[in-house]
Amino acid sequence: MAEYAHPEVLVSTDWVAQHHKDPKVAIVEVDVDTNAYSEGHVPGAIAWAWNTQLCDTVRRDILSKEAFEELMAASGINSDTTVVLYGDNNNWFAAWALWQAKIYGHKDVRLMNGGRKKWLAEGRELSTDVPTKAARTQYKAAAPDLSLRAFLPQVQEAQTKHAAALVDVRSPQEFSGEILAPPGLPETCQRGGHIPGARSIPWGKACNEDGTFRSADELKALYGGEGIDGSKPVIAYCRIGERSSHTWFVLKYLLGYKNVVNYDGSWTEWGNLVGAPVEKGPAAASKAA
C-alpha cells in the first residue's frame, strides 16, 4: 500500500486481525445491508447504520456537527482514536462514513482494504457478540470542512462553465438511463440519464476481484484514460453519494489529487430537479483515446 499517495488511510485485514483488541483502535462496520453485522463481524467491531446513524433522515443531509459528536461520544471514540471502517459492497458506506469523519476533522480514520468481502473470503474469525458498550467520551468535532463536499450550485456551475470534471460512478445502465437505480435499492428519481458532460467511470473499476483497491498505476491509467489526472477539479457523483464517496477516497487519498469533492445530492437530486439538463445514452469515447 506504500505506493499510494496517502497509504496511512488504508489498513490490511492482517492489520485489523492484529489490532482489533487495541483500546486505541475502534473497528466500525458500516454495511449497505444493515443486517449483515448480526450474521458475523470482526470481533470487537461495533456497527453504524448508514440509514439512521449516518444521516439526517428529516433534512436529507449528512450528520450535523452535533449529531456526529454524539455518535462518536456514544461509540466511545476520542479525538485520538484510530477509527477503522469496513463494510460490504467493497466499502460503499464505510467510505461514506470516512468522508463524513474527514468533514468533521477526525485525524486518524482508515478503511480496511477489501472490506467485509475480503475478511470473509480469508475465513477470518467472526463474532456475533455485540461488544460491551464503551465508556462515553466527550468528543468535539471540528467545524465542517465543506471543501470536501459539492452542493448543487457548484455542480451546476461545473456543468455550464466546465469548471470541474464530473465523474459519474454509477453503472453504465444507470448512466445511460436504462435503469434509474440498481435492483432492490429504493432511492430513485423521476428521470434517467446523466449530467451532460460527465464521464462514466463506474466505482467498481477501482477494485480488484477480492475487493481491495487496484494498484496506483492501474488507478492512474483508469482515471487518466478519461481525462481525470488531477490537473482539474473533480466532482464525483452517483445516486445518493455513497459510491461516489468510494471514488472520492480513491482520487483524493490513493492518487493524491487535491481538489476532489463528493456531490452527495447526486442523481436523486439532479434527476428530480425541475429544468436541469439530462443526457441519455451510453458513455462517449474516452477523451484520452
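**Before starting**

This is a predicted model, in which local features need pLDDT of at least 70 and side-chain atom pairs count only at pLDDT 80 or more, while totals for chains, interfaces and linings use all residues. Residues are numbered from 1 along each chain as its sequence is written, and side-chain values use heavy atoms, with hydrogens and water left out. Helices (H or I, at least four residues) and strands (E, at least two) are DSSP runs, numbered from the N terminus.

**Stop 1: the nonpolar cores**

Select Val30, Trp48, Leu85, Leu111, Tyr223 and Phe249. These residues have the most contacts inside the largest nonpolar core, which has 60 residues. A nonpolar core is a set of buried Ala, Val, Leu, Ile, Met, Phe, Trp, Tyr and Cys residues joined through side-chain atoms within 4.5 Å. Buried means under 20% relative accessible area, exposed means over 50%, and partly exposed lies in between (1.4 Å probe, protein chains only). In soluble globular proteins, nonpolar side chains tend to be buried together.

Now centre the view on Leu111. Contact means heavy atoms within 4.5 Å. Setting aside residues up to four places away in sequence, Leu111 touches, among others, Val9, Leu85, Ala94, Leu98 and Phe249. A second, separate core has 17 residues, including Ala158, Cys189, Trp270 and Ala276.

**Stop 2**

Select residues 242-254, which form helix α8. From first C-alpha to last, the 13 residues of α8 reach 17 Å, close to the 18 Å expected at 1.5 Å a residue; the expected span is 1.5 Å times one less than the number of residues. How many residues of α8 are buried? The count is 13 of 13. After α8 comes Gly256, with a positive phi near 80°.

Next, select α2 (65-74). Its buried residues are Phe68, Glu69, Leu71, Met72 and Ala73, and β4 and α3 are among the elements that cover them. An α-helix has 3.6 residues a turn, so residues three or four places apart point the same way. Just after α2, Gly76 takes a positive phi of about 75°.

**Stop 2: the largest pocket**

Select Gly44, Ile46, Ser75, Pro131 and Ala134. Among the 24 residues that line the largest pocket, these lie nearest its centre. On a 1 Å grid over the protein atoms alone, a pocket is an open set of points where a 1.4 Å probe fits, with protein on both sides within 12 Å along at least five of seven lines; lining residues have an atom within 4 Å of a point. The pocket holds about 490 Å³ of space, where a volume is the space filled by probe spheres set on the points, which are joined across faces, edges and corners.

β2 (25-29) gives the most to this lining, with three residues. By class, the lining has 14 nonpolar, seven polar and three charged residues. Ala, Val, Leu, Ile, Met, Phe, Trp, Tyr, Cys and Pro count as nonpolar, Asp, Glu, Lys and Arg as charged, and the others, Gly among them, as polar.

**Stop 3: the second largest pocket**

About 410 Å³ of space lies in the second largest pocket. Select Arg60, Asp61, Trp96, Ile240 and Asp264, the closest to its centre of the 22 lining residues. The classes here are ten nonpolar, four polar and eight charged.

**Stop 4: single residues**

Most residues other than glycine have a negative phi, and most peptide bonds are trans. Arg60, in the loop between β3 and α2, has a positive phi near 50°. Arg60 counts as partly exposed because its relative accessibility is 47%.

Ser266, in helix α9, also has a positive phi, near 45°. Is Ser266 buried or exposed? Ser266 is buried, because its relative accessibility is 0%.

Finally, select Lys280, in the segment after α9. Lys280 counts as exposed because its relative accessibility is 57%. Its contacts, not counting residues up to four places away in sequence, are Ser176, Gly192, Gly193 and His194.
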